[in-house]
Amino acid sequence: MTALLSLRGLQVAVGERRLLGPLDLDLAEGDCLGLVGESGSGKSLTVLSLLGLLPPGLAARGTLAWQGRDVPLGSGVHAALRGRAIAWMPQDPQASLHPLRRVGAPLVESLRLLRGLDAAAARHEALALFERLQLPTPARLMDRYPHQLSGGQRQRVLLALALAGAPKLLLADEPTSALDPRLARESLRLVDELRQALGLAVLLVSHDLPLVAAHAQRVAILLRGECVESGDADRVFAAPAHAYTRELLAADQLPAPAPAAPGPRLLQVDGLGVHYPRAPAAALQDASLTLHRGECLALVGESGSGKSTLGRALLRLVGRGTRGRILLDGEDLLQAGPGRLRALRRRIGVVFQDPYASLDPRLRVADIVAEPLRIHGMGPRASHPARVAALLAAVGLDPALATRWPHQLSGGQRQRVAIARALATDPDLLVCDEAVSALDAHHRAGVLALLARLKRERGLALLFITHDFGAARALAERTAVIADGRLQACGDTASVLGAA
């Protein structure tokens with residue numbers, strides 16, 4: 001089959017330092033190629049090179065052929081392919097969609113620009129695209145803002161934007177990393193249907209090995225900018241030839257936690273409910289659970305089920321509309337005054353989903369980790385550098401990284417910095433909200449092992465909010481399932497999750 005796109009000897013460098021390549025790729029119409037590797041392996045550089053959107057200071061060289069015609073990288077001819085022939089579906093729909101524009105506006109704008117349609121024809125085509133992508137009530141959804149859509153709906157809006165120019169090649173950059181398993185499967189099933197119906201070629205960039213194995217016919221494995229293995233996906237995953245591929249597959253198979261007797265009860269939640277202002281229904285209803293020292297409770301559920309609402313309520317980050325009791329060592333957080341609440345919050349650490357978004361880009365690592373010490377007045381400032389060094393060492397990082405900025409760290413390193421910050425006040429309870437969902441298999445396994453060790457050594461109570469059943473099985477002794485704002489089941493992890 002004639003290649004739609006043929007890439008030969010792609011190299012990306014900054015000055016004399018090579019970051020990627022040489023890399024060869026071929027994609028035919030209707031073909032899906034999985035591009036797999038850990039953070040920093042060169043996946044995003046490959047996508048940006050194909051789009052001609054490398055940041056200033058980076059230079060690409062190599063040979064790109066499109067439908068048999070040579071296209072100089074970075075040329076005007078290359079730029080003309082962007083949007084029309086080669087489309088991009090970025091990773092984070094929440095960050096990619098303008099929060100102040102209704103979701104239909106950029107789609108209509110793209111259709112007018114890329115296809116030369118007038119306003120009425122562009123709106124008609126936009127509605128047809130939304131309907132084809134199985135979005136509910138397209139006419140009403142067109143006039144909604146991104147925050148009014150679910151994660152899966154936002155991802156489909158991004159897919160509609162990518163299809164606006166009727167492209168031949170779709171670059172799907174980590175399209176499922178922010179989605180729960182059901183939505184991830186539905187999203188890629190839809191991409192598969194479009195691939196087969198339209199003859200669309202797909203470059204599926206992902207760190208989710210099972211999803212790549214299920215949807216890609218061929219796969220290429222990147223390690224530190226080099227392709228170490230490629231070929232038929234079934235063969236590569238069944239009998240990997242390179243040690244790194246075997247390591248990635250092994251990292252995805254997480255062991256169950258070692259059995260341990262829980263300590264005294266630390267947290268008790270009774271009849272917790274949350275109803276956001278102007279929302280038609282409660283986000284959380286009559287939730288009750290307990291958590292002991294040295295124990296991990298996984299809270300699993302789909303997007304919009306109420307997981308993060310429960311976590312925010314525990315941190316008392318939800319204002320009006322909260323009822324029930326949240327007892328920390330018998331003291332109700334919901335009844336605590338400002339001074340007492342500040343003291344109680346010192347006993348609760350939190351690790352958010354996206355370490356790049358949750359770390360201040362204007363602060364060095366040392367200042368990020370020391371910030372809770374300053375806020376809570378813990379020790380003289382002269383003692384903070386030593387405390388920061390000890391915290392970084394405790395999470396498996398070289399203390400020398402204290403002088404770096406967040407953008408100079410890998411995804412796994414940034415999440416370890418976030419954990420170090422959460423541990424700065426010696427908390428009794430650690431709340432992790434999707435703390436590994438944005439990480440590749442290698443870093444995911446490392447962070448889960450770190451959390452298990454910290455829980456064991458420090459006697460931490462750990463509330464692990466996730467849609468990753470594998471991570472829950474590897475870390476949590478007990479699991480609670482939440483759906484539609486209600487806890488549906490709670491018990492031993494193996495019994496609750498079973499073979500799901």
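This is a predicted model: local features need pLDDT of at least 70, side-chain atom pairs count only at pLDDT 80 or more; totals for chains, interfaces and linings use all residues.
**Stop 1: the cores.** Select Leu107, Phe130, Val157, Leu159, Leu170 and Val219. These residues have the most contacts inside the largest nonpolar core, which has 49 residues. Now centre on Leu170. Which residues does Leu170 touch, leaving out those up to four places away in sequence? They are Ala87, Met89, Leu159, Ala162, Val191, Leu200, Ala201, Val202 and Leu203. Next, select Leu391, Leu401, Ala422 and Ala435. They belong to a second, separate core of 44 residues. In soluble globular proteins, nonpolar side chains tend to be buried together.

**Stop 2: the second largest pocket.** Select Pro181, Asp208, His467, Asp468 and Phe469. Among the 36 lining residues, these are the closest to the centre of the second largest pocket. The space in this pocket is about 850 Å³. Colour the lining by type: 16 residues are nonpolar, nine polar and eleven charged. Then show H8 (181-198), H9 (209-215), H18 (441-458), H19 (469-475) and strand E19 (478-483), each of which supplies at least two lining residues. H8 gives the most, with four.

**Stop 3: helix H18.** Stay with H18, one of the elements that line the pocket. Its 18 residues span 26 Å from first C-alpha to last, close to the 26 Å expected at 1.5 Å a residue. Show side chains on Ala441, His443, Arg444, Val447, Leu448, Leu450, Leu451, Leu454 and Lys455. These are the buried residues of H18. An α-helix has 3.6 residues a turn, so residues three or four places apart point the same way.

Notes
Residues are numbered from 1 along each chain as its sequence is written. Side-chain values use heavy atoms; hydrogens and water are left out. A nonpolar core is a set of buried Ala, Val, Leu, Ile, Met, Phe, Trp, Tyr and Cys residues joined through side-chain atoms within 4.5 Å. Buried means under 20% relative accessible area, exposed over 50%, partly exposed in between (1.4 Å probe, protein chains only). Contact means heavy atoms within 4.5 Å. On a 1 Å grid over the protein atoms alone, a cavity is a set of points where a 1.4 Å probe fits but cannot get out, and a pocket is an open set with protein on both sides within 12 Å along at least five of seven lines; lining residues have an atom within 4 Å of a point. Grid points are joined across faces, edges and corners, and a volume is the space filled by probe spheres set on the points. Ala, Val, Leu, Ile, Met, Phe, Trp, Tyr, Cys and Pro count as nonpolar, Asp, Glu, Lys and Arg as charged, and the others, Gly among them, as polar. The expected span of a helix is 1.5 Å times one less than its number of residues.
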